[in-house]
Amino acid sequence: MPERIADEAILRAVDDGFARQVAFLADLVRFPSQRGEEHAAQSFMAAAYEADGYAVDMWRVDVDAIRDLPGFSPVAVSYDDAFNVVATHTPRNATGRSLILNGHIDVVPTGPLDRWVRDPYDPAIEDGWMHGRGAGDMKAGLSACLYALAALRGLGYQPAANVFLQSVVEEECTGNGALACLQRGYRADAAFIPEPLEPRLMRAQVGPIWFRVEVDGDPQHASGAFSAGANAIEKAFVIIQALKQLEIVWNARKVDDPHFCNHPHPIRFNLGKIEGGEWTSSVPARCVFEMRVATYPGQKLEDARAELEACIADAARADPFLANRPPKMTYNGFMAEGYVLEGADEMEAVLRRSHVAVWGEPLTEHVTSATTDARFFGLYADTPAIVYGPICRMPHGYDEAVDLDSVRKVTQTIALFIADWCGLEPIDPEVSA
């Protein structure tokens, strides 16, 4: 039977190693692991896993190997530098339940550096918060997974089941990194993702879709002396306004969703990028914009795409110029379904016990209009996935920061969860509890 040790001992062990954990997190934040630049940070993670004695698998994500799998999102960038890292703990005797601890290494762009109070890749601690791009989203979670296991090992114990530590790419734009882990054969009885959505149980999440729209114009002299032409930027806003009206329609449907019916604004059509025009005194010949929209759990992606495409086509037909030059729409990233955590009563009970032991109060739950990699495990691998993590301020914004005390407590919660869910065995077979 798996061994048991006192919760208090596990909590103290996390505390004892927390200074090292904070130093590790700071080192990890220093890597500017934006899309296409993750390799150095992944090599750092692989070295850390190897130093702790895990078998490490580091491989380049092969788009051709995953493109036909459920959950694949369209790829618009090179994967030449897209490496996943998975560390494997194998027990001497597998008597407990296996677990995936998943986190993503990729971070979003910083925006103009002069808008940051500090260098986003030079982490600083102030009033208990570590500042830096990716400090919260989600390098703190990666550190929590590694150091939760280190705390147990410091007590002379290890999980009595297989545990897979996953550091993946592409979470911020496709999720194809997590999908590649499934394609490579990594499976477990449960998954735990410490995304910085606060130490609450995430019950449901939306599914984002990314798309790109190219709008042509008729370039002329800005004076209009010869012909007014057609301004591609202004025509793009004809399409954008139609899409924003569709956003209102989709949000009204929340009344029919059992999880998002009380959410203030679950569906957001975010105009994330726009560019157009070549010369200030010329009517713009072209405008391109990119948008992220959300879908409800259970909403079929083909139905969502059909509505989006019809919205754009209808708006174009109603415009005298666009009717003859319809915009071109392509999908260039997320093509993700929403996800609801269901059928995981025992796993939830373990988390609730662990949370109360650390925080001294009952676990609450929430739904989010963001997305996580949990959908891959829950929808495509029959693996319930818990999302529960530290408190992050300004994720994706200027001066992102993570509350270090919440990181410490989340690490303690994960350590207790592992001890309960996986069970424990002495690292030294001669040691008995």
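Reader: Which helix does Gln-42 lie in?

Author: Heads up: this is a predicted model, where local features need pLDDT of at least 70, side-chain atom pairs count only at pLDDT 80 or more, and totals for chains, interfaces and linings use all residues. Residues are numbered from 1 along each chain as its sequence is written, and side-chain values use heavy atoms, with hydrogens and water left out. Helices (H or I, at least four residues) and strands (E, at least two) are DSSP runs, numbered from the N terminus. Look along residues 39–51 and you'll find Gln-42 in helix α3.

Reader: Is Gln-42 buried or exposed, and what is its relative accessible area?

Author: The cut-offs are simple: buried means under 20% relative accessible area, exposed over 50%, and partly exposed in between (1.4 Å probe, protein chains only). Gln-42 touches Met-58, Phe-83, Asn-84 and Val-85, among others, if you skip residues up to four places away in sequence (contact means heavy atoms within 4.5 Å). Gln-42 counts as buried because its relative accessible area is 0%.

Reader: How many residues of helix α6 are buried?

Author: Helix α6 covers residues 176–183 and is mostly covered. Its buried residues are Asn-176, Gly-177, Ala-178, Leu-179, Ala-180, Cys-181 and Leu-182. The cover over them includes β1 (55–60), α4 (63–66), β2 (83–89), β3 (99–104), β7 (163–168) and α10 (374–380). So out of 8 residues in α6, the number buried is 7.

Reader: Which residue of β7 stands opposite Leu-101?

Author: Two strands pair if DSSP finds at least two bridges between them. Here β3 and β7 run parallel and are joined by 6 bridges. β3 is also joined to strand β8 (residues 191–193) by 2 bridges, again parallel, with Ile-100 partnered by Ala-191. Over in β7, the residue opposite Leu-101 is Leu-165.

Reader: At what angle do helices α5 and α11 pack?

Author: Axes are lines fitted to C-alpha atoms, for helices over the stretch in contact, and angles run from 0 to 180 degrees between N-to-C directions. Residues of α5 including Ala-140, Tyr-147 and Leu-152 meet residues of α11 including Val-407, Ile-414 and Ile-418. With the axes of α5 (residues 135–154) and α11 (residues 404–421) 8 Å apart, the packing angle is about 50 degrees.

Reader: Which residues does the cis peptide bond join?

Author: Most residues other than glycine have a negative phi, and most peptide bonds are trans. Here omega is about -10 degrees, and the cis bond joins Asp-137 and Met-138.

Reader: What is the phi of Glu-170?

Author: Glu-170 is found in the loop between β7 and α6. Glu-170 counts as buried because its relative accessible area is 0%. It's a residue other than glycine, yet its phi is positive, near 75 degrees.

Reader: How far apart in space are Asp-373 and Ala-336, C-alpha to C-alpha?

Author: Asp-373 lies in the loop between β15 (365–368) and α10, and at 1% relative accessibility it counts as buried. Beyond its neighbours within four places in sequence, Asp-373 contacts Asn-102, Val-168, Glu-171, Gly-175, Ala-178 and Ile-193. Asp-373 and Ala-336 are 37 residues apart in sequence, and C-alpha to C-alpha the distance in space is 9.6 Å.
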